[in-house]
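Please examine the model displayed here.

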Number of protein chains: 2
Amino acid sequence: MHKIDFWVSIGSTYSFLTVMRIGREAAARGVSVTWRPFNVRKLMMAQQNVPFAGKPAKLAYMWRDVARRAARHGLSAQVPVEYPIPELEKANLVATIGCDEGWGPDYIAETYRRWFHDNQPPGQAPNLTDSLIAVGQDPDRVVPLAEAPATRRVLNMVTAEAEALGLFGAPSFVADGELFWGDDRLEDALDWAAGARA
Amino acid sequence: MHKIDFWVSIGSTYSFLTVMRIGREAAARGVSVTWRPFNVRKLMMAQQNVPFAGKPAKLAYMWRDVARRAARHGLSAQVPVEYPIPELEKANLVATIGCDEGWGPDYIAETYRRWFHDNQPPGQAPNLTDSLIAVGQDPDRVVPLAEAPATRRVLNMVTAEAEALGLFGAPSFVADGELFWGDDRLEDALDWAAGARA
């Protein structure tokens, strides 16, 4: 079975496109996807990688580009949405629990949908609890688990692993040790995983 | 006739891919291309947009990505090459003259080829004179013209026009007032120019 690691961080804007697309694109190529939630903000701050803050032209373009790419892929999105999100870490702590327990990808898709359709930021009310309930999880069980110190340690260790692999942003993909960055490299990454090298 | 403006700045790495691809991709869609040389470094410095300096992970990825994308498009490239180039402004001053006189696109392709095949930076010996001679131009005529104060004024005015259009990097494309950024948006931009909206 062909495999790919999908390095996902709730809070990344372009990752909306990937979260909504990767399931069908991977299935079409027979590639199995492992979702790896990490803290892209912590990683990028450590690298002095500031994509949009203080860059109004680049920020305006990003929203327009996301809207165009969403339309191209048949996805609906009401952009711009609130960004950056205040509870990025909590959203990804919940994703960390979810990916361990198997409902992570569904939760990530639900929370992105509420963010990009209803402008409800992930990781906080009402998005957080509604997304958990939508995937059959009890917020009173999951949120305390996500807030436990051990979960933050895991997320920080996974983020350090991402940095060691050469990541500098999200979404990113690693296929057979080869790093790809950006939703617009999703197809390239999956093709690489499936053995079709350029 | 469908039209697109190709905002090109010699010195941008990903623009190598576009310079080598845009002719055939535009022709395939019946789109006419106007090459608009500008000073991307001046624009990005004014916007505090620092893509790679001090970002080793992002820089290493960029070279690997350029190599993979080149292979995907059937282009040969020996990367990494010297970067950033010291004579970015001079290279684009020459391109400014060339695009006024009609030989600009050929010169830009020649200078990129020497940079990405032979690691000879544009805008200086031997790349500058060899590229001019290769496109039938006399360096003793062209270089003084490029170095004239009026040419720098033109390049700076065109760069200000780029900023007013919302540009923040290169390569960029404007089709019917719609901005696209990056070699990986070339097809989207040409499709937009040709009237195929998502």
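Predicted model: local features only at pLDDT ≥ 70, side-chain atom pairs only at ≥ 80, totals over all residues.

Helices here are DSSP runs of H or I with at least four residues, strands are runs of E with at least two, and both are numbered from the N terminus.

The buried residues of α8(B) are Thr151(B), Leu155(B), Val158(B), Thr159(B) and Ala162(B). Buried means under 20% relative accessible area and exposed over 50%, with partly exposed in between (1.4 Å probe, protein chains only). Seen down the axis of α8(B), its buried residues fall within an arc of 105°, so they line one face of the helix; the arc is taken from the directions from the helix axis to the C-beta atoms.

Elements covering these buried residues include β1, β2, α2, α4 and α7 of chain B. The face turned away from the buried side carries the exposed residues Pro149(B), Ala150(B), Arg153(B), Met157(B) and Ala164(B).

## The two chains

Chain A is superposed on chain B by a rotation of 180° with 0.0 Å of shift along its axis (RMSD 0.0 Å). The two copies are thus related as by a two-fold rotation axis. In chain A, the C-alpha nearest the axis belongs to Asp184(A), 3.7 Å from it. The superposition is by least squares on C-alpha atoms of residues with pLDDT of at least 70 in both copies.

## Basis of the values

Residues are numbered from 1 along each chain as its sequence is written, and chains are lettered from A and ligands numbered from 1 in the order in which they are written. Local features need pLDDT of at least 70, side-chain atom pairs count only at pLDDT 80 or more, and totals for chains, interfaces and linings use all residues, while side-chain values use heavy atoms, with hydrogens and water left out.

Terms used:
Contact = heavy atoms within 4.5 Å.
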